[in-house]
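Please look over the sequence and the model shown here before reading the report.

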Amino acid sequence: MNGSSREILILSRIPGIGPNRLRALVSHFGDVAAISVAPARQLIAVEGIERKTATVITSFFRSSAAAAAGRFADDQMTRLSRMGGTLVTLWDRAYSSLLKKIYAPPPFLFVRGTLMEQDNCAIAIVGTRNPTPYGLQMTERFAVALARLGIPVVSGLARGIDTAAHAASVRAQNRTIAVIG
């Protein structure tokens, strides 16, 4: 795919273009820039894009909304850079091969830190925000067992099981990956 992370962010700002349509558009055209100049009849050929949505897309790129989306994308990329982060798109080599296989993978991820090859073997530990003592105990056991095998743990940063999974992994000197929605 040809296109930049910035262009993906711009596409994400089009009204009615959620993750599914964004993936379909980029996968169909293969070049993000081609979407901005495609006539409605070409856009309608994309799965999930009906006439109304095609009109919204073409109107977006002919209006000041595209320039505003460009400023938004520039701002996001600047903020991300200041934090030491990057934007990884579904079409980048750095994107998780396992995440690509789920039913509806996110078209892009904001990443802070370094993605490593071993992350492709990571296992998620997620659960309730109000765990029982037994749930916390089992979370710790699983996280420590994964650490012994060198398998990174993925979880959210919510209270409860997610926090316990990260904490146990860190105590066991294992790699953890936090996913924030």
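## Basis of the model

This is a predicted model, in which local features need pLDDT of at least 70 and side-chain atom pairs count only at pLDDT 80 or more, while totals for chains, interfaces and linings use all residues. Residues are numbered from 1 along each chain as its sequence is written, and side-chain values use heavy atoms, with hydrogens and water left out.

## Helices α1 and α6

Helices are DSSP runs of H or I with at least four residues, strands are runs of E with at least two, and both are numbered from the N terminus. The axes of α1 (residues 5–12) and α6 (residues 64–82) come within 9 Å and cross at roughly 130°, where axes are lines fitted to C-alpha atoms, for helices over the stretch in contact, and angles run from 0 to 180 degrees between N-to-C directions. That makes α1 oblique to α6, a class left over once angles under 35 degrees (roughly parallel), over 145 (roughly antiparallel) and 65 to 115 (roughly perpendicular) are set aside.

## Ser5

Ser5 is found in helix α1 and is buried, with a relative accessible area of 16% (buried means under 20%, exposed over 50%, partly exposed in between, with a 1.4 Å probe and protein chains only). Leaving out residues up to four places away in sequence, Ser5 touches Met77, Leu87 and Thr89, contact meaning heavy atoms within 4.5 Å.

## The sheet

Three strands form an open sheet in the order β3-β4-β5, with parallel pairing; two strands pair if DSSP finds at least two bridges between them. β3 (123–124) and β5 (176–178) stand at the edges, each with a single partner strand, so one side of each is left without a neighbour in the sheet. Between β3 and β4 (residues 153–155) the parallel pairing runs over two bridges, and Ile123 has Val153 in β4 as its bridge partner.
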